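Here's a quick briefing to read with the model open beside you. We'll go through a few side chains and what surrounds them.

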Amino acid sequence: MKTTYLNHCGFSVELQEMTLIFDYYKGNIPELPIDKPLYIFVSHGHKDHFNSEIFSLSHKYSNITYVLSNDITFDTLEELVPDLALLLKDKIHFIGTNENLTLLQEDFAITIETLKSTDAGVAFLITTPDQTIYHAGDLNLWSWSDEPEDENLQMEIAFKEEINKIQGRHINLAFMTLDPRQEERYSLGFDYFMRTVTVDKVYPIHCWEDYEIIDKLLKDPISEDYRDQIVKYR
């Protein structure tokens, strides 16, 4: 498995049978194997998670599939890429919250489960023949010091309700939110996620290019039980 950071929440993941791209926003997409199916996931339509340039990849990769949160509509795609959207219609799947989708290739299948984001769209849990991969999108415990505490409490309840749906699951590779804008509350969602599921390797995302936040978490006593699983990539 080869994991490449693109920018913000964007990553490519090359597996034995396929390649996955998550939440491309900007950055250089590496050269990917032409002979493998390519799956492109978009957790929601916010501009820091979705760039319509992903559809231009269909010119190079013929076996391509798009899985988009259904807060992005086909009408929106037609406005962004009018000719291409129609040509790719059979290769685009829209998925809502707490749904399952199975996609078949000739010799394998992948299953996609979604959780409801606490902001917009979905989080993805993807099961391939040999790996289980989680991408949070904007599903996070968005707690802010300047917000009323009753609103923060409702956010905490909503976040934990979603993560508890995958409690005890074994995840080989995760991409989980770690946002420096939350200041002293930066690790709340990340910590709960790590203590609720079993994760082999986790990449912090949504860091806004403030990669010192990863070092901060690695030094924070709260991460002592799982810091060996955290990947420092910048």
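Let's start with Leu 103, which sits in strand E7, residues 100-104. This is a predicted model, so treat each value below as computed from predicted coordinates. Leu 103 has a relative accessible area of 7%, and since anything under 20% counts as buried, Leu 103 is buried.

**Around Leu 103**

- Leaving out residues up to four places away in sequence, Leu 103 touches Tyr 39, Thr 65, Val 67, His 93, Phe 108, Ala 109, Ile 110 and Ile 112.
- Take Thr 65 from that list of contacts: Thr 65 and Leu 103 are 38 residues apart in sequence, yet their C-alpha atoms are 9.1 Å apart in space.

**Around Ser 69**

- Ser 69 belongs to strand E5, and with a relative accessibility of 1% Ser 69 counts as buried.
- What does the side chain of Ser 69 make a polar contact with? The partner is the side chain of Asp 71, at 2.6 Å.
- Setting aside neighbours within four places in sequence, Ser 69 is in contact with Val 42, Ser 43, His 44, Phe 94, Ile 95, Gly 121 and Val 122.

**Aromatic pairs**

- How many aromatic pairs does the structure hold? The count is 18.
- One of them is formed by Phe 55 and Tyr 66, with ring centres 4.7 Å apart and 35 degrees between the planes, which makes the pair tilted.
- That pair links distant parts of the chain, 11 residues apart: Phe 55 is in the loop between strand E4 (38-42) and strand E5 (64-69), while Tyr 66 is in strand E5 itself.
- Tyr 134 and Phe 193 form a stacked pair, at 4.8 Å centre to centre and with 25 degrees between the planes.
- Tyr 134 lies in strand E10 (residues 132-135) and Phe 193 in helix H4 (residues 188-196), so this pair ties together parts that are 59 residues apart in sequence.
- Tyr 134 and Phe 193 are buried too.

**An aromatic cluster**

- Which residues form one aromatic cluster? Tyr 5, Phe 11, Phe 22, Phe 41, Phe 124, Phe 175, Tyr 203, Tyr 211 and Tyr 233 do.

**Lysines over rings**

- Lys 89 has its charged end over the ring of Phe 74, at 5.1 Å from the ring centre.
- Over the face of Tyr 186 lies Lys 216, 4.6 Å from the centre of that ring.

**Cysteines**

- If you were wondering about disulfides, the count comes to 0.
- Cys 9 is in no disulfide, and its nearest cysteine sulfur belongs to Cys 207, 7.9 Å away.

Definitions and conventions:
Residues numbered from 1 in each chain as written. Predicted model: local features only at pLDDT ≥ 70, side-chain atom pairs only at ≥ 80, totals over all residues. Heavy atoms only, no water. Phe/Tyr/Trp six-rings, centres within 6.5 Å; stacked < 30°, edge-to-face > 60°. Helix = DSSP H or I, 4+ residues; strand = E, 2+ residues; numbered from the N terminus. Buried < 20%, exposed > 50% of the residue type's maximum accessible area, 1.4 Å probe, protein only. Lys NZ or Arg CZ within 6 Å of the ring centre and 35° of its normal. Contact = heavy atoms within 4.5 Å. Disulfide = S-S within 2.5 Å. Polar contact = N/O pair within 3.5 Å; in protein donor to acceptor, adjacent residues only side chain to side chain.
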